[in-house]
Amino acid sequence: MRSHRTETVLTNTDAVSALDKSDPCDTEVPLPPQQVPKMAAHSSILLLLAFAAICCLQLCQVSADVDQTKSGEPYTEPNQVSIERKLEKPDEVPPIVSDIDPIEKEQDDKQWQSTEEAMVKPETTKEIAPPPPFKDEFKEELVIRPLQSGDIYASFQFRTLWDTDFLKGKRVSHYHLFPKSLGQVISKFSVRELHISFTQGFWRTMQWGQPFLPSPPGAELWVWFQDSVTDVDGAWKELTNVLSGIFCASLNFIDSTNTVQPSASFKPLGLENVTDPRFLRYAMLPREIVCTENLTPWKKLLPCGSKAGLAVLMKSEKLFHSSFHSEAIHIRPVCQDVECKALSWELRQTLNVVFDVHTSGQGKKEWSLFKMFSRTLTEACPLASSSKVHVDVTDNPEGELFDLLPVSPLLTQSVVLGDRRTYAMYDLTNKDTFGSTRSLNLLVRWKSDGGEMMRPLLHSERYVAGFGLQTGEIHTLIYNYHPYRAFPVLLMETVPWYLRLYIHTLTVTSKNKDNKPSYIHYQPSKDRLRPHLLEMLVQLPPNSVTEVTVQFERALLKWTEYTPDPNHGFYVGSSVISGLVPSMVAMDTNNTRERPLFSSFFPCKEESSYFVRVYTEPLLVNLPTPDFSMPYNVICLTCTVVAVGYGSFYNLLTRTFQVEEPSAGLVKRLANVIRRWRGVPQL
Amino acid sequence: MAAPLTLVLIVAVTIRAALFRSSLAELISERVEVVSPLNAWKRVVEGLALLDLGVSPYSGDVFHETPLIIYLFHFVVDYAEIVYMLADCITAVALYLAVQHYNKNVFRKQKYALKDDRYPHDCLELMRSPKEMFYIPLKVAMFYLWNPFTILSCVAKSTCGLNNAVIALFILSTIKGSALLSAIFLALATYQSIYPLTLFAPALIYLLQRLCLPVNLRRPSFWLFASQYAFMYFGSLLVIVCLSFFLLSSWDFIPSVYGFILSVPDLTPNIGLFWYFFAEMFEHFRLFFICVFQINIFFYSIPLSIKLKDHPVFLMFMQIAVISIFKSYPTVGDIALYMAFLPVWNHLYRFLRNIFLVCCVLLACSALFPVLWHLWIYAGSANSNFYYAITLLFNLAQILLVSDYFYAYLRREHHLSHGLYLKRKDGSEATLVLK
């Protein structure tokens with residue numbers, strides 16, 4: 001224990017001596033970057049050195065006691081020590097035969113990785129060396145929240161802010177951190193806001209709580225155009241095709257049949273709230289499959305790519321081996337400063353993953369960065385001004401539920417989604433975070449089964465009722481779990497034209513009573529042109545289920561309009577429920593908690609409610625199908641029937657009744673011909 | 001004569017009222033054989049709901065009724081059942097009166113012809129007696145009101161019943177000789193569903209006959225009356241269309257009603273020939289075949305008018321039958337209208353060739369429609385071809401029925417001029433053939 005503490009002290013104070021190096025990884029970093037290749041070449045020497053170091057362990061221990069008293073080493077938790085001590089182990093055995101213990105493997109992995117990064121480093125540092133003329137900034141963040149179901153929710157956020165305006169006069173042609181491909185898209189199509197998400201899997205609100213950034217299964221795209229755009233539909237069409245190319249996704253399948261203009265559900269999130277829905281386009285592709293080919297272009301938009309920073313964790317073989325995967329891009333204009341005189345553009349790239357640690361970890365709830373991503377963190381992105389990892393430890397204030405290793409010196413509290421959460425924070429720009437192993441591998445070991453997760457206040461379900469292929473009924477259940485407060489939500493349903501909605505069958509009931517929506521915006525569909533759009537404002541009574549039902553009729557399509565697998569069914573995109581939900585913090589009535597009296601009388605605080613968007617399940621609906629194998633037969637048979645009608649009428653119309661004279665037989669007629677030829681009287 | 005008719009009406013209304021109250025009403029109103037996208041009651045209600053929401057009912061593709069219908073039901077939506085029963089009764093009474101009047105005319109003509117000795121002597125058994133003609137109007141009313149197709153259509157509240165009422169009123173006013181009323185009702189019927197346009201020719205011929213004007217294209221008197229009638233017809237059509245424009249102050253209803261009828265975008269299965277044909281059609285032939293199929297309906301009116309220019313009421317029957325077989329969204333209510341005329345042609349019975357077979361096919365098909373629909377849509381053990389096969393057979397039977405009546409009518413006319421028992425040159429009994 002003690003010995004280890006000494007090591008960290010020594011490396012930090014640059015009192016490097018051959019005697020002190022007990023870990024080969026430690027030896028590398030203090031070296032000047034120029035020496036690195038050489039060093040990599042002589043890794044065998046390093047191993048020897050390491051061996052020498054182990055030999056001198058005893059010696060080092062002696063000297064450590066002296067050094068510790070000299071340099072005021074910041075307090076480190078004993079936990080951290082224990083784990084790092086465990087990590088010391090592989091140094092004693094040769095790292096080549098390390099396929100027994102995952103931790104050993106990890107260590108090995110790190111070894112070569114860190115050398116590689118050391119090689120990369122000089123270039124990147126050179127790049128930022130000149131004073132940046134670009135007023136831009138890049139931040140990265142990873143939030144990990146252990147979920148009560150045993151799953152782990154990891155949410156990456158990368159934010160690039162650029163103090164420039166794509167749309168005012170001057171053409172922007174020099175790009176620094178902001179990806180050029182997106183900047184060009186914004187200026188070419190006069191985009192005010194762009195939100196795009198690709199999601200594989202469905203977010204289970206009841207088991208996982210609210211996500212930081214919700215997204216529906218499949219692809220979702222919504223764009224606010226500038227009010228200077230005259231041909232919004234044309235721009236939208238082109239934009240979807242361009243984005244389809246950028247993200248290697250089938251966004252080119254977005255056309256007028258799945259595009260809507262929601263009147264209330266999707267307001268601009270950035271500056272200058274142009275709220276005329278004429279400039280908004282919203283589309284959802286529930287059938288879109290998200291995979292590596294979408295992740296790679298998404299990663300390329302990051303300033304460091306997947307080379308450094310948090311993005312090194314994004315290895316697709318792990319990310320797509322998860323219960324939920326969602327990558328998104330949000331571009332919006334924001335204020336440059338408090339006065340908001342100038343505008344800057346914000347690009348937010350987010351990636352949310354839920355790992356099913358429980359099943360992949362053979363029933364153990366333990367998780368670590370390495371287990372989830374098969375990588376550990378070794379450095380921040382050099383271009384990032386801030387690079388942090390947060391771990392949600394709200395349920396674990398005294399460490400009775402799990403051990404989080406290494407323990408973070410920093411705890412932050414913030415109100416997220418109406419709930420006060422505590423996070424352990426790791427700052428990657430600070431070298432101390434990585435400790436002596438030069439890598440950060442967060443690890444959680446559970447002590448007991450987790451307690452009850454607080455139910456999310458707003459939850460919804462959707463399904464299709466009815467049988468047969470003629471009609472059906474869409475049921476949307478919206479749950480309000482708030483014990484005493486009612487709140488309104490906006491429900492938006494987009495239903496393709498081939499399910500013909502009957503709006504007069506719309507019923508909204510809560511607690512067995514009719515609950516008339518105070519606002520309904522309904523746009524009926526046009527066949528092969530426009531989907532149905534139904535938006536309504538529903539007041540949810542406290543602690544209730546509100547059921548919205550609407551009947552539909554399934555259309556028979558032309559045989560060319562069916563998908564290649566018509567009996568699989570047709571997808572109907574998730575409906576969107578957005579609303580201001582009363583905050584948990586505000587509803588806290590737990591008087592037992594220690595609090596100043598003046599703060600507790602009125603329940604409402606500043607964050608009395610927060611915005612939540614919930615996406616319901618997409619629906620899979622079967623339609624009646626014609627027989628695809630017999631277009632020729634059908635054309636022939638129907639034409640035959642029409643021809644029978646035509647023929648019989650034609651017959652009766654053009655001919656007249658005549659007495660049938662017995663006509664001579666063939667033999668007789670032949671005989672007559674011969675007789676005529678012979679000049680003999682005919683028969 | 002009024003008492004039996006009243007009895008028929010009371011029985012018909014009782015049946016309908018009972019069915020309206022039963023749980024069957026909902027089942028019937030969902031049947032694709034009974035309602036089409038054009039006339040389903042569900043869609044009328046949807047249109048009203050859209051109006052209530054402040055959305056134009058024609059902005060979507062669910063509502064395809066004319067503005068007058070939506071205006072009518074805006075006021076009487078709560079009494080819809082009464083409206084539909086009333087419409088059926090009006091149709092029956094109008095047909096009753098029309099047929100009564102027509103039979104009187106027929107009998108009078110026959111009397112004059114007999115007096116003038118214009119018929120061959122062996123045709124006496126073809127002559128119609130007042131005794132057999134006496135019950136024909138009542139039979140017509142009964143055929144319409146008690147026809148299961150009409151009852152189903154009424155219980156499903158298909159607006160087809162209203163269209164039938166308008167057409168029946170048109171027939172009545174034409175047969176009674178009121179040119180103006182006839183033109184107005186014809187315009188109304190055309191406005192409701194374009195196809196009754198083909199009834200213009202028989203109405204014109206009948207009115208000309210009534211005024212003893214010869215149907216001769218060279219006569220100026222013919223052209224004078226024809227232009228008068230056309231003016232009345234198109235004038236009232238224009239008034240109605242403009243009225244609908246002012247009701248909703250938009251022309252949206254034109255593409256939504258007439259465009260929908262003509263271009264057949266909705267392929268919901270029905271008893272017609274269009275739905276499966278255009279569901280399976282190759283995309284580049286679609287327009288061609290739509291044109292062919294639509295022209296097919298209108299085209300028959302020219303040769304039929306020429307051939308039957310002396311028999312406008314039979315021509316009317318033929319036109320209604322052709323429309324109901326070949327229209328883009330047919331329902332059983334349309335069939336019921338022309339079937340109501342069958343008792344009028346009672347005297348043709350001896351010349352019908354395959355009436356038994358056709359009746360059996362029609363009955364069997366009517367029974368098989370729901371069975372095969374269930375197998376396809378609910379049980380999943382059959383596919384669309386099964387239902388399609390039945391619609392083909394049903395239409396084939398209808399075509400045979402109509403052409404059989406046409407044949408019988410022409411043959412009787414031939415016998416009336418050439419004698420019933422025709423002889424060959426050699427004196428043996430002759431058989432008639434079409435040549």
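How many salt bridges does the structure hold over all chains? The count is 27 in this predicted model.

In chain A, A:Arg159 pairs with A:Glu346, with the closest N and O atoms 3.6 Å apart. A:Arg159 lies in strand β2 (residues 152–162) and A:Glu346 in strand β8 (residues 343–355), so the bridge ties together parts that are 187 residues apart in sequence. A:Arg159 is partly exposed at 21% relative accessibility, whereas A:Glu346 is buried at 2%. Both residues belong to a salt-bridge network that also includes A:Glu137, A:Arg332 and A:Arg348.

A salt bridge also joins A:Asp392 and A:Arg421 (3.0 Å, N to O). The pair connects strand β10 (residues 386–392) with strand β13 (residues 419–427), 29 residues apart in sequence. A:Asp392 is buried, with 3% relative accessible area. A:Arg421 is buried as well, at 12%.

In chain B, B:Lys42 bridges to B:Glu30 at 3.6 Å between the closest N and O atoms. B:Lys42 sits in helix α3 (residues 41–52), and B:Glu30 in the loop between α2 (24–29) and α3. B:Lys42 is buried at 17%; B:Glu30 is partly exposed at 28%.

Chain B also carries a surface patch of positive charge, formed by B:Lys104, B:Arg108, B:Lys111, B:Lys115, B:Lys176 and B:Arg210. Helix α5 (residues 80–115) supplies the largest share, 4 residues. B:Lys176 belongs to helix α9 (residues 160–176) and is partly exposed at 42%.

An unreviewed UniProt entry annotates residues 632–653 of chain A as a transmembrane region. This span is 100% helix, and its end C-alpha atoms lie 30 Å apart. For chain B, the UniProt annotations (unreviewed entry) include residues 194–217 and 354–379. Residues 194–217 are 46% helix, and residues 354–379 are 96% helix.

Conventions: Residues are numbered from 1 along each chain as its sequence is written. Chains are lettered from A and ligands numbered from 1 in the order in which they are written. This is a predicted model: local features need pLDDT of at least 70, side-chain atom pairs count only at pLDDT 80 or more; totals for chains, interfaces and linings use all residues. Side-chain values use heavy atoms; hydrogens and water are left out. Patches are made of residues with over 30% relative accessible area and no salt bridge: like charges are joined within 9 Å, nonpolar side chains (Val, Leu, Ile, Met, Phe, Trp, Tyr) within 5 Å. Accessible areas come from the Shrake-Rupley method with a 1.4 Å probe; for residues, only the protein chains shown count as cover. A salt bridge is a side-chain nitrogen of Lys or Arg within 4 Å of a carboxyl oxygen of Asp or Glu. Lys and Arg count as positive and Asp and Glu as negative; His and the chain ends are not counted. The place of a charge is taken as NZ of Lys, CZ of Arg, CG of Asp or CD of Glu. Helices (H or I, at least four residues) and strands (E, at least two) are DSSP runs, numbered from the N terminus. Buried means under 20% relative accessible area, exposed over 50%, partly exposed in between (1.4 Å probe, protein chains only). UniProt positions are given in the numbering used here, feature names are shortened, and annotations may be inferred rather than shown by experiment.
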